[in-house]
Amino acid sequence: MAKVAVVLVAAGRGERAGGAVPKQYVPLLGKPVLRWTAEAFAGLVIQPVVGTRDEAAFGAAMAGLKTLTPVAGGPTRQHSVMHGLEALIAVKPDFVLIHDAARPLVSPALVDGVVAALEAGADAAVPLLPVADTLRKQENGKWVGVTRDRLMRAQTPQGFRFAKILAAHRDHKALALTDDMALAELAGLDIVVVPGEETNLKITTAKDFAMAEQLLSARLGDTRTGLGYDAHRFAPGDHVWLCGIKVPHTHALEGHSDADAGLHALTDAILGAIGAGDIGQHFPPTDERWRGAPSWKFLDHAAGLVRDKGGAVTHCDVTLICERPKIGPHREAMRARIAEILKLEPERVSVKATTTEGMGFTGRQEGLAAQAIATVRLP
Ligand code: CTP
Ligand code: MG
C-alpha cells in the first residue's frame, strides 16, 4: 500500500474573514475549523503548518489528535506548503495531499477520489468544479462578458507524487502561487482532474462561518440525547474530585476510580446518546487498571467513541446534588475542564448544583449525586 501523507496548511492570518483569531481556530458547532479539517484525514500522516503566533491556539484545537510535530508557516501559502513538504522528507511518503485548513467540509469520498487517481498513476490529482454563474470582468470602466465554459474552480485536497511536487516547489521558490496545481503545471506534471464538491467550501469571509455551520449541521442530521446519573458515598479524606476539578472538602468520595460523580454521570450520558452501554461495561470496577484512575479518561473515551462514528458532542449539562462542598466557587473551572476534555467551547458546557434541602442521602451528607444530559450529533 502506498504511503500517503497530508500537508495541512494553517499558517494564514485569515485577513478577509477578520475576527480576533485566524479563521481556522473559530469554532463551528463547538469545534474549531482546523479540528474538523484534521479529523477528515483521520488515519493518514498529517504534517500541520502553523503560524508562529498560533502555537497555543493550535494545541488547544488539536488536543488528543495525532499529527507530526507542526512546522512554522511562511509569508505566503506557497512558502507554507514548501515548509510542510520539506518536513515530510523524513517520512518518505509516496503521495502527498495538500489541503487548506480553511476547508473543514472536505468529504472522505473526495479524499479517497484524489488518492485513487494517484494510485492509478497520475502525478497530480486535483478537484475542480465548473462555474455556474455568468461571469463579468471590468475593462476600461465597462463590464464585459467572460466565457465560462473553460473556467473551473480549483479546490483542495490536491494530491501529488511526493518527490515531484517537492521538486516543483524547490524550482519555483520565488513565486507566490495560491495553489499547488499551478506548480505542477509549471513542472509539466501529468494532472488528472477529479470532480470537486460544492460543499467543500473554503471559509474566506465572515459570512462563510454560518454557511459552513449549516452544511456541517445538515451532515450531522441525527441529533441524540443521553442521560446519566451517578452517586458516591463520602469517606474520610480532605478533598473530592468533581467535574475534573480537585475540591477541598472535609471528606473524600469512595469509589474504585477517583469517584468523580459528575464526570461519571456525563460519561454515561454520552454513552447513552450513542447506545454504547454504560461506564461499568467500558471500565469494570473489577479491573485493576482503573483503580484510582482520573475520570477524565472515561469521559475522553466516550467522546472518542462519538468521534469514531464521525459525530460530535455539541452540548452537555451536569447537575451536582449535594449540600457541601459548595460548587459555586468551582463552577467555571469545572465548565472549562469539561470543555477541555470534550474539545468543546465552554459556552456549550453547563455545570449546575442543587441541594435537596436536607432530605435524603445527599441531605444527610452521606454522599453526593450527579445527573447529566448530553447532546450528540451523528451523521
Ligand atoms: N496559508 C498558510 N500560510 C500562509 C497563507 C495561507 O498556511 N502564509 C493557509 C491558510 O491558513 C489557509 C490556506 O492556506 O488554510 C488557504 O489560504 P487563504 O484561504 O488565503 O487563508 P488566509 O491567508 O489565512 O486568509 P486571507 O488571505 O484572507 O488572509
Ligand atoms: Mg491568503
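I take a cavity as a set of points, on a 1 Å grid over the protein atoms alone, where a 1.4 Å probe fits but cannot get out. Its volume is the space filled by probe spheres set on the points, which are joined across faces, edges and corners.

The model is predicted, so I note that local features need pLDDT of at least 70, side-chain atom pairs 80 or more, while totals for chains, interfaces and linings use all residues. I number residues from 1 along each chain as its sequence is written.

**Cavity.** I searched the whole structure and found 1 cavity of 30 Å³ or more. I counted 13 lining residues, that is, residues with an atom within 4 Å of a point. Lys-31, Arg-307, Ala-312, Val-313 and Leu-342 lie nearest the centre. I sorted the lining into 7 nonpolar, 1 polar and 5 charged residues. Helix H10 (296-308) gives the most, with 3 residues. Helix H1 (33-39) and strand E17 (312-321) each supply at least two. Domain 1 (4-219) and domain 2 (222-378) both contribute, so the cavity lies between them.

**Helix H5.** I then looked at H5 (residues 162-171). Phe-162, Ile-165, Leu-166, Ala-168 and His-169 are buried (under 20% relative accessible area, 1.4 Å probe, protein chains only). They span an arc of only 160° around the axis, which puts them on the same side of H5. On the other side I found Ala-163 and Asp-171 exposed (over 50%). The buried residues pack against helix H3 (77-88), strand E6 (95-100), strand E11 (158-161) and helix H6 (181-186), with contact meaning heavy atoms within 4.5 Å.

Key. Chains are lettered from A and ligands numbered from 1 in the order in which they are written. Side-chain values use heavy atoms; hydrogens and water are left out. Helices (H or I, at least four residues) and strands (E, at least two) are DSSP runs, numbered from the N terminus. The arc is that of the directions from the helix axis to the C-beta atoms. On a 1 Å grid over the protein atoms alone, a cavity is a set of points where a 1.4 Å probe fits but cannot get out, and a pocket is an open set with protein on both sides within 12 Å along at least five of seven lines; lining residues have an atom within 4 Å of a point. Ala, Val, Leu, Ile, Met, Phe, Trp, Tyr, Cys and Pro count as nonpolar, Asp, Glu, Lys and Arg as charged, and the others, Gly among them, as polar. Domain bounds come from an automatic or database domain assignment.
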